[in-house]
Amino acid sequence: MDSLTQIVLGAAVGEAVLGKKVGNKALLYGAIAGTIPDLDVVANYLTDAVTAIELHRGFSHSILFFTLVSPFLGWLVNKIERSRSLGWRLWAKLFFWALLTHALLDAFTTWGTQIFWPFEIRLAFNSIFVVDPLYTIPFLISTIALMFFKRNSKTRSYLGKIGLLLSTFYLANTLVVKFAAHTLFEKALNEQNIEYSSISTRPSPMNIILWNANIDAKDAYLISDYSFFDTQPISFKTYPKHRANSERIRKYEMVQRLIAISEGWYLMEKKNGDWYFYDLRFGIIPKKSGETDFVFAYKIEENDGEIKVTELPKNREDAVYLLSALWTRIKGN
């Protein structure tokens, strides 16, 4: 999830663990813990694009990491807050739960998380977008509000519980809504006699009303969306795989790693002498020009038997148009 959401979740967990003992300091250290796993983004500046992607939500989001780092952080904060005489174990408990809930929340997103690292298991329930105001805003309000009450106040305790309960309920509800959307996509495929081997569904940005689907149909992928306000039947757009065209470039180890990252949901095409790799899991970006781009696209430059992979930058103007188009589409077809 986005940084603000993880900070709020970490603060709320810190409050639940130590709020009655240390008041707002529990919120502070919980918020800090909520940011720690995402420090893996420094890999973007220290290594190549593919390795940075592989490292994202890896070791720093694992139970192993939480188990190793929590005692140290507990010891460090206990030194800083020695006047409270709580001992390092209670502080370590705060950090462990704030770190763990960070990873658990990330597991509900499309990217998922390798919570069981070093085992190559990525949990990705695909039920919530990385930014969802309906999850974050009520949680943020309750967490800010409780800060103005004394640590032993019943109202403070009530607000803390309300924030955690509302956010947890919303998160659980995303699974229910995802199941409903997934079922409707399957029904449409069956009614249109479309043969397919697998289907992947996920919510569109910042809501759980509009859902996207990728369908593997042998030599092509079908991509579709559905809003719960739609009145027209679900339709599917075809994207041929053209695997034979990219057979040679796909033999490179770096490209094989991209394929593994995309979990096999990818397209490749050659334009102006360079290859482009599209990760289908995150959908497409509509443009004002009427064209569409994939959210995650990579340029593959080949030179003397070596290749260089670069993630294509996002355009702010496209993002602004996307929000407008998204709102229109949510309201139904």
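**Notes on the predicted model**

1. Let's start with histidine 61: leaving aside residues up to four places away in sequence, it touches Pro37, Asp38, Asp40, Phe66, His102, Ala103, Asp106, Thr113, Gln114 and Ile115 (contact meaning heavy atoms within 4.5 Å). Histidine 61 sits in the loop between α4 (49-55) and α5; helices here are DSSP runs of H or I with at least four residues, strands are E runs of at least two, and both are numbered from the N terminus. Its relative accessibility is 0%, so histidine 61 counts as buried (under 20% relative accessible area with a 1.4 Å probe, protein chains only; exposed is over 50% and partly exposed is in between).

2. A word on the ground rules: this is a predicted model, where local features need pLDDT of at least 70 and side-chain atom pairs count only at pLDDT 80 or more, while totals for chains, interfaces and linings use all residues. Residues are numbered from 1 along each chain as its sequence is written, and side-chain values use heavy atoms, with hydrogens and water left out.

3. On to helix α6 (residues 88-106). Its 19 residues should span 27 Å at 1.5 Å a residue, and the end C-alpha atoms are 27 Å apart, which agrees (the expected span is 1.5 Å times one less than the number of residues). Its buried residues include Trp91, Phe95, His102, Ala103 and Asp106. Among the elements covering the buried residues of α6 are α1 (3-22), α2 (24-35), α5 (63-80), α7 (133-146) and α8 (154-191).

4. Now the aromatics. Rings of Phe, Tyr and Trp (its six-membered ring) pair if their centres lie within 6.5 Å; planes under 30 degrees apart are stacked, over 60 edge-to-face, and the rest tilted. That rule gives 20 aromatic pairs. Phenylalanine 185 and tyrosine 226 have ring centres 6.4 Å apart and planes at 80 degrees, so this pair is edge-to-face. The pair links distant parts of the chain, with phenylalanine 185 in helix α8 and tyrosine 226 in strand β3 (residues 220-227), 41 residues apart. Both phenylalanine 185 and tyrosine 226 are buried.

5. For contrast in geometry, take tyrosine 266 and phenylalanine 277: their ring centres are 5.2 Å apart and the planes are at 5 degrees, so the pair is stacked. Tyrosine 266 belongs to strand β5 and phenylalanine 277 to strand β6, 11 residues apart. Both tyrosine 266 and phenylalanine 277 are buried.

6. One aromatic cluster is worth a look too: Phe59, Phe65, Phe66 and Trp117 form it. Phe66 is also one of the residues that histidine 61 touches.
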